[in-house]
Amino acid sequence: MAEKRIYLTEEDIPDLDTPCYVTDKGEVYQFSRRENRIIQRTMYLDKRTNYLRVSISLKKGSKNNTTSLCLAPIVYRCFSGEEDLPKKMHLNYYDGNPANCSISNLYRTDKINRNKVLHKRKYTTCKELRKLGIQGYDETLTLSDLDSIKC
């Protein structure tokens, strides 16, 4: 099966340095001024948001030289075939892997499926940590506390 490509324009991303296209497998290619050819843009997983991001070059006269975009919404907007998509939409992955942004792996939902993240700044006292079932840092075990040592 042949790979599908959709070219991005300045309507999609303001000040975009063209030519730039996205594939249905979740890859982004753009013309490189340095190498004078079309290359695949590097993608990285943002650990804070758990989204795959890609850096895209902008025109020379623009304020910034590059911009970083979430890849999943770009792929979904280009290849889903749906029209009048909202500006913010929640996307999930069939296989649960945020690094796999192919159109066959993406689907739209009402909410983002995220595991509850425990922020250290919110729970500073040992009492608050004990309520959550987490042992505080000052309550450490010693070898004499273990049942196998007592025997």
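The following dialogue explains how terms are applied to this predicted model.

Trainee: What are the ground rules here?

Mentor: Residues are numbered from 1 along each chain as its sequence is written, and side-chain values use heavy atoms, with hydrogens and water left out. Local features in this predicted model need pLDDT of at least 70, side-chain atom pairs count only at pLDDT 80 or more, and totals for chains, interfaces and linings use all residues.

Trainee: How many helices and strands are in the chain?

Mentor: There are 3 helices and 9 strands. Both are DSSP runs, numbered from the N terminus: helices are H or I with at least four residues, strands are E with at least two. From the N terminus, the order is β-β-β-β-β-β-β-α-β-β-α-α.

Trainee: Why is the pair of Tyr-7 and Tyr-21 called tilted?

Mentor: Rings of Phe, Tyr and Trp (its six-membered ring) pair if their centres lie within 6.5 Å; planes under 30 degrees apart count as stacked, over 60 as edge-to-face and the rest as tilted. Here the centres are 5.2 Å apart and the planes make 55°. So the rings pair, and the angle falls in the tilted class.

Trainee: What does this pair tie together?

Mentor: Tyr-7 lies in strand β1 (residues 5-7) and Tyr-21 in strand β2 (residues 20-23), so the pair joins parts 14 residues apart in sequence. The structure holds 3 aromatic pairs. Ring pairs link Tyr-7, Tyr-21 and Tyr-29 into a cluster.

Trainee: How do you know whether Tyr-21 is buried or exposed?

Mentor: Buried means under 20% relative accessible area, exposed over 50%, partly exposed in between (1.4 Å probe, protein chains only). Tyr-21 has 7%, so Tyr-21 is buried. Tyr-7 has 45%, so Tyr-7 is partly exposed. Buried residues make up 30% of the 151 residues in the chain.

Trainee: What makes β3 and β4 a pair?

Mentor: Two strands pair if DSSP finds at least two bridges between them. Strand β3 (residues 28-32) and β4 have 4 bridges, in the antiparallel sense. So they meet the rule. In β4, Gln-40 stands opposite Tyr-29, and Ile-39 is the bridge partner of Gln-30. Their hairpin has 4 residues between the strands, and Asn-36 there takes a positive phi near 60°.

Trainee: Why are β1 and β4 called edge strands?

Mentor: The open sheet runs β1-β2-β3-β4, with antiparallel pairing. β1 and β4 (37-40) each pair on one side only.

Trainee: Where does helix α1 lie?

Mentor: Helix α1 (residues 71-79) lies across β1, β2 and β3, at about 85° to β2. Axes are lines fitted to C-alpha atoms, for helices over the stretch in contact, and angles run from 0 to 180 degrees between N-to-C directions. Contact means heavy atoms within 4.5 Å. Just after α1, Gly-81 takes a positive phi of about 85°.

Trainee: What makes a group of residues a nonpolar core?

Mentor: Such a core is a set of buried Ala, Val, Leu, Ile, Met, Phe, Trp, Tyr and Cys residues joined through side-chain atoms within 4.5 Å. The largest one has 23 residues, and those with the most contacts inside it are Val-28, Ile-56 and Leu-71. β2, β6 (51-57), α1 and β8 (90-93) each supply at least two residues of this core. α1 gives the most, with 6 residues.

Trainee: Which residues of α1 are buried?

Mentor: They are Leu-71, Ala-72, Ile-74, Val-75, Tyr-76 and Phe-79.

Trainee: What does Val-28 touch?

Mentor: Leaving out residues up to four places away in sequence, Val-28 touches several residues, including Tyr-21, Ile-39, Ile-56 and Leu-71.
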